[in-house]
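I opened this notebook to record what I looked up about ring contacts in one protein structure. My entries follow in the order in which I made them.

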Amino acid sequence: MIVRPKRIYRKRIPYGMQNFEDVIKEDCYYVDKTPFIEQIEESNKYFFFIRPRRFGKTLTLSMLENYYDINKKDKFEEIFGKLYIGQNPTPEHNTYLIIHLNFAEVAAGLDDYKDGLDNHCRLVFNFFCDIYAHILPTGTKEGLQQEPDAVSKLRFLCQKCQEVGKKIYLFIDEYDNFTNMILAHEEHLVRYRNQTHGEGYLRQFFNTIKGAAGNTLGRVFVTGVSPVTMDDLTSGFNIGTNYSLSPDFNEMTGFTEEEVRKMLDYYGSVLPFNHTTDELIKVMKPWYDNYCFAEEALNKSVRMFNCDMVLYYLRNYMDYGRSPRQMIDPNTKTDYGKMKKLLQFDKLDGERKGIIRKIAEEGQIVAQLEEQFSAYQIPKAEIFPSLLFYYGMLTIKGTRGSKLILGIPNNNVRKQYYGYLEEEYQAKSYVDTNRLTDYYYDMAYEGVWEEGLRFMAEAYAKVSSVRDGIESERNLQGFFMAYLNLNDYYITAPELELNHGYCDIFLLPDHTHYASQHSYILELKVLSRKEFDEELKDVLKEDGSPMKKSEKQWLDAVEQIRRYADAPRVEALRQGTTLHKIIMQFKGWELARIEEIE
C-alpha cells in the first residue's frame with residue numbers, strides 16, 4: 001500500500017480562471033484589485049480600458065459584475081467580505097442588472113458579422129430575461145423574441161428595465177475583436193468601413209448604447225486590446241472616456257512587484273520552497289515585469305508584471321520545485337500568431353519592417369503615442385509603434401520632448417521580436433538550427449566557441465549577400481541576436497551597460513535551468529569592403545607605416561572589450577563561470593577575423 005504524504009493546505013493558483021465568484025469560492029489566491037472600484041465610480045460612467053492580452057481584463061470585468069449584480073446582493077459578504085471593497089462598500093453595489101457581451105464569442109466571418117452578433121446577443125439577452133425574470137415585467141422574454149435583431153432587442157430590454165425603474169450595467173469584453181479579424185487583410189477594409197461607418201451595423205449597435213446611456217444604461221465598461229475601433233465609432237459613441245493611459249488605472253490589471261512578493265511570501269510560508277522570495281523575484285523580473293501604461297507613472301517606482309505569466313511560473317514552481325523549462329507560457333503562442341498577422345498587414349512595407357528591426361536591435365524607439373486611431377491609419381509607419389504598445393510589444397520607458405521612448409519590456413517580448421527576425425532570415429537563407437543548438441551546448445559546457453560562431457558568421461554572409469547594402473553593425477547584431485535567441489543556456493543581453501559603455505552582446509548564464517560553465521562577451525565590428533583596407537594618414541604603426549582602418553578598429557575593440565570585462569557588475573553577471581571575451585570583425589558581410597582576448 002502506497003502511503004501518500006498529507007497534502008499541505010494552501011490557496012489554489014487561479015491560473016486561467018476568469019470567473020471571479022469561482023476564484024473566491026474555491027479559495028484561490030486573489031490579488032485584491034477592488035480598491036479601484038471607488039476610482040471607477042468617480043470616473044466617467046462610460047469607461048473604455050485597453051490592455052494587452054493575458055493581463056487580467058476579463059477577471060476584472062467578472063469582479064465588477066459580481067459587485068454590481070442585483071442578484072448577488074445576498075452573497076455580498078460571502079464574495080467580498082474579506083476584500084477591501086467588502087469592508088468599504090459603495091452605495092451602488094448590487095444595484096444593477098448585468099449584461100455581459102464578449103465580442104470574441106461572436107462566431108462570424110467578415111461577411112456575416114451581423115448574423116454572428118445577432119446570435120451572440122440573442123443568447124445573452126435570453127439569459128438576461130431568465131435570471132432577472134423576478135424583476136422584469138411579465139412577458140419580457142416573449143416580447144424579446146419578437147424583436148428581429150440585436151439592436152432592436154437591446155432597445156427593447158432597456159425599455160422594459162425603465163418600466164420597473166432598474167438600470168443596466170453593460171460590460172463589453174474584446175469590443176475590438178471585429179477589427180482584429182481584418183487587420184491582416186487590406187482588402188477587408190472596405191467591409192470594415194461598412195460595419196463601422198454610416199449605417200453600419202456595429203455603428204448602429206453603439207448608437208443604441210449611446211441613446212440609452214444616462215437613462216436605462218447606468219454604466220458601461222468596455223475593454224479591448226487596441227483602440228482602433230474606438231476611433232471609427234467615435235461619433236457613434238462619443239460619450240465614453242478612454243482611461244487606458246491614465247496613471248490612476250496604471251495598476252488596475254497586472255501585478256505590482258509588491259503584490260508578487262506578497263504572493264510568494266504566502267506560498268513560501270505554507271510550502272517547502274527551495275528559494276527565497278528575493279531569489280524568485282530576481283528570476284521572474286527580467287521575463288515578466290517592466291510594463292508602464294501611463295507617462296505620468298514614470299516617476300513612480302511601480303512597474304507591472306504580466307499576471308498570467310506570474311501565475312504560470314508559480315504553478316510550475318510549486319509542482320516541480322524549480323522554474324519552468326520554458327519561461328514563456330506556451331499558451332501565448334496564439335497571441336504571437338496574432339501579432340504576426342499585424343506585421344503582415346498590407347504586406348508590411350519596408351518602413352514598418354524597418355521599425356520591427358530597429359526595435360529588435362536597439363530595444364526601443366522614439367515615437368508619438370496615439371491614444372486612438374482608425375484602421376485606415378494602420379498602414380502608416382508612424383502609427384505602428386502605438387499599435388505595438390497596445391499589444392504589449394512595447395512599453396513606456398521615458399520621454400524625449402513631446403514624444404515617448406517606447407521600449408521592449410522584458411525577455412518574454414524580446415524573444416518574440418527575435419523570433420520574427422529569425423523567420424525573416426530563414427525565409428531568405430536556411431540555417432540548420434538543430435546544428436546551431438548543438439554548438440550552443442559546446443559553448444555553454446565545454447567552452448568551445450569558435451566553430452559555432454564561425455557557423456553563424458557563414459550563415460550571416462549567406463543571408464546578407466542576397467540583400468543590398470547590408471554592412472552595418474546593427475544588422476549584424478540583429479542577426480546574431482535572432483539566432484542566439486534559440487539557445488537554452490543563456491539570457492542574451494544586447495547593449496548591456498558596462499563601465500560607461502555598451503557591449504554588443506553578453507551571454508548571461510541562465511542557471512535557473514542549466515548549469516552552464518562558460519559565459520561570453522561578444523563584440524561585433526563591421527567595416528565596408530571599401531573601408532576595410534583603407535589606410536589612415538594620421539594614425540601610424542610602430543614602424544612608422546600608416547595603419548589600416550581595420551587594424552585601428554581591432555585595437556579599439558580590444559580596449560573596449562577589456563574595459564567591459566573589468567566592470568564591477570561582471571563578477572555577479574557571470575555567476576562563477578569562465579568568461580570569454582570574443583571579438584568578431586567583418587569585412588562587409590564576411591568574417592575577416594575572430595579571436596578570444598586574454
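**Charges over rings**

A charge sits over a ring if NZ of Lys or CZ of Arg is within 6 Å of the ring centre and within 35 degrees of the ring normal. I also noted Arg-529, with its charged end over the ring of Trp-589, 5.1 Å from the centre.

**Basis of the entries**

The model is predicted, so local features need pLDDT of at least 70 and side-chain atom pairs count only at pLDDT 80 or more, while totals for chains, interfaces and linings use all residues. Residues are numbered from 1 along each chain as its sequence is written, and side-chain values use heavy atoms, with hydrogens and water left out.

**Aromatic pairs**

I searched the whole structure and found 47 aromatic pairs. Rings of Phe, Tyr and Trp (its six-membered ring) pair if their centres lie within 6.5 Å; planes under 30 degrees apart count as stacked, over 60 as edge-to-face and the rest as tilted. The ring centres of Phe-36 and Phe-249 are 6.4 Å apart and the planes are at 40°, so I recorded this pair as tilted. Both Phe-36 and Phe-249 are buried, meaning under 20% relative accessible area, with exposed over 50% and partly exposed in between (1.4 Å probe, protein chains only).

I then noted that Phe-48 and Tyr-175 form an edge-to-face pair, 5.6 Å centre to centre with 65° between the planes. Phe-48 is buried at a relative accessible area of 4%, and Tyr-175 is buried at 1%.
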